[in-house]
Amino acid sequence: MAKATQEFGEWPLKRLMTEIVGSGPKSADDMTREQAREAFQRILAGEPDETTLGAFWLANRWKRNNPEELAGYTDVMLEESVETAEPDANPVDCGANYDGKHTSAVLGVGAGLVAAAAGTPVVVHSGDRVPTQKATAYKHVLDELGVRTELDPSESADMVDETGFGFYYQPAFNPGIQDLYERRDMMGVRTFVNTIETVANPANADVHLGSFYHLAFAKKMTDLIEESDHLSFSRAIFFQGMEGYDDIRPGYTKVAEWDEGEDELEDYEIETANYGMEMEAEDLAVDDVTADSASITEEVLAGERDDHFADAIALNGAFRMYARQDVESLEEGLEKARDVIADGSAEAVLEDLRAF
């Protein structure tokens with residue numbers, strides 16, 4: 001609930017609905033940055049009633065937020081909710097969609113462990129059954145693997161420095177967003193919160209790896225990063241991941257690459273066939289996403305699989321190395337990925353995580 005002493009500006013959500021954003025997808029206007037900031041300050045404080053908040057979220061979905069609005073929301077989240085804990089290592093921040101996957105295996109745990117074994121520290125973050133899909137995310141695969149996930153941010157930072165791989169738990173590092181869980185759940189559709197939570201950057205990393213459904217959304221996300229007063233990313237790569245997650249899809253994947261100071265967003269394609277990987281999306285489907293993702297990860301890291309899953313984990317691990325510019329090409333990253341699987345280094349990172 002809003003504190004009695006808390007003061008806001010002149011733009012309660014109901015007024016924003018009536019005068020700015022609530023007239024429909026074609027006639028609605030965009031908010032100023034300050035209006036967007038005030039709106040999210042009110043939301044985090046619990047000030048709007050449930051009906052007004054739901055209407056505001058839906059109106060934003062209809063009209064589609066521009067980067068300036070998203071940057072305003074993000075900066076308020078970073079100022080008022082996110083507790084960062086920066087490890088000594090400078091990891092790749094992997095911000096997959098928090099609501100998870102329900103069809104294909106989650107490859108990012110295995111890929112992150114492979115990258116960590118090859119010298120590229122990796123951070124992942126997620127909540128627990130986040131709306132709308134409430135599907136399998138990083139936390140659930142790590143839980144299944146016997147890795148402790150309900151960590152304070154400082155513990156997460158220590159995990160990165162001790163193992164090369166770290167997990168940050170949203171309720172611990174971003175409690176303001178967690179407090180919106182029930183209202184988000186009642187919406188039944190995604191809101192802009194699903195977008196901004198992926199760039200919370202709890203480890204204060206320089207490099208972000210995220211996913212998108214359409215290239216125009218990647219441009220919006222890199223514009224958000226540029227517009228934000230607080231995000232520290234100097235490099236970001238977004239790609240058209242499987243089920244919107246941060247796993248390269250078999251076949252053809254569109255990629256958008258941004259570096260601070262560059263005028264243009266570079267986009268290109270990854271075709272798995274070019275790396276000797278003849279597979280389709282259905283080849284990575286599983287029956288039980290949580291349990292199967294964990295067992296596949298264990299078997300790949302132990303060198304017990306030589307199949308599409310092993311190829312996919314190696315390729316995604318290589319892409320994390322490339323994102324941090326620890327290798328010059330995916331080919332070089334793939335060679336490193338396969339080496340650390342073959343010599344047991346990647347499996348050793350998993351054992352270190354279990355012992356943490």
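Helices and strands are named here as DSSP runs, with helices of at least four residues and strands of at least two, and they are numbered from the N terminus. With that in mind, the loop between helix 11 (192-196) and strand 4 (207-211) is where Asn204 is placed. The model is a predicted one, and in it Asn204 has a phi near 55°, a positive value in a residue other than glycine. Asn204 counts as partly exposed because its relative accessible area is 30%, and that class covers what lies between under 20% for buried and over 50% for exposed.

A second residue with this kind of backbone angle is Lys134, whose phi is positive at about 50° although it is not a glycine. Lys134 belongs to the loop between strand 2 and helix 6, and its relative accessibility of 32% is why it counts as partly exposed. Thr132 also lies in the loop that runs between strand 2 (122-126) and helix 6 (138-144), and the peptide bond that leads from Pro131 to Thr132 is cis, with omega near 15°.

Turning to the overall layout, the protein chain is divided into domain 1 (13-64) and domain 2 (92-355). The contact between them takes 15 residues from domain 1 and 16 residues from domain 2, while the C-alpha centres of domain 1 and domain 2 lie 31 Å apart. The UniProt record, in an unreviewed entry, places the feature "domain: Glycosyl transferase family 3 N-terminal" at residues 29-79. Over residues 29-79 the chain is 76% helix and 0% strand, with end C-alpha atoms 26 Å apart. The record, again as an unreviewed entry, places the feature "domain: Glycosyl transferase family" at residues 108-346, and this span is 44% helix and 14% strand, its end C-alpha atoms lying 13 Å apart.

Where does the largest pocket lie in relation to domain 1 and domain 2? Both domain 1 (13-64) and domain 2 (92-355) give residues to its lining, so the largest pocket lies between them. The space in the largest pocket is about 750 Å³. It is lined by 27 residues, of which Arg61, Arg190, Thr195, Phe217 and Lys220 are the closest to its centre. Helix 3 (50-63), helix 11, strand 4 and helix 12 (215-227) are the elements that give two or more residues to this lining. By class, the lining of the largest pocket is made up of ten nonpolar, 13 polar and four charged residues.

Two further residues show how parts of the chain that are separated in sequence come into contact. Phe8 is found in the segment before helix 1 (13-21), and it is partly exposed because its relative accessible area is 23%. Leaving out residues up to four places away in sequence, Phe8 touches Glu38, Gln41, Arg42, Ala45 and Glu47. The C-alpha atoms of Phe8 and Gln41 are separated by 8.1 Å, although these residues are 33 residues apart along the chain.

Asn174, in turn, is found in the loop between helix 8 (170-173) and helix 9 (175-178). Is Asn174 buried or exposed? Asn174 counts as buried because its relative accessibility is 0%. Not counting residues up to four places away in sequence, the residues that Asn174 touches are Met77, Ser81, Val82 and Ala200.

How values were computed
Residues numbered from 1 in each chain as written. Predicted model: local features only at pLDDT ≥ 70, side-chain atom pairs only at ≥ 80, totals over all residues. Heavy atoms only, no water. Buried < 20%, exposed > 50% of the residue type's maximum accessible area, 1.4 Å probe, protein only. Contact = heavy atoms within 4.5 Å. UniProt positions renumbered as here; feature names shortened; annotations may be inferred. 1 Å grid on protein atoms, 1.4 Å probe; cavity = no way out; pocket = protein on both sides within 12 Å on 5 of 7 lines; lining within 4 Å. Points joined across faces, edges and corners; volume = space filled by probe spheres on them. Nonpolar A, V, L, I, M, F, W, Y, C, P; charged D, E, K, R; others polar. Domains from an automatic or database assignment.
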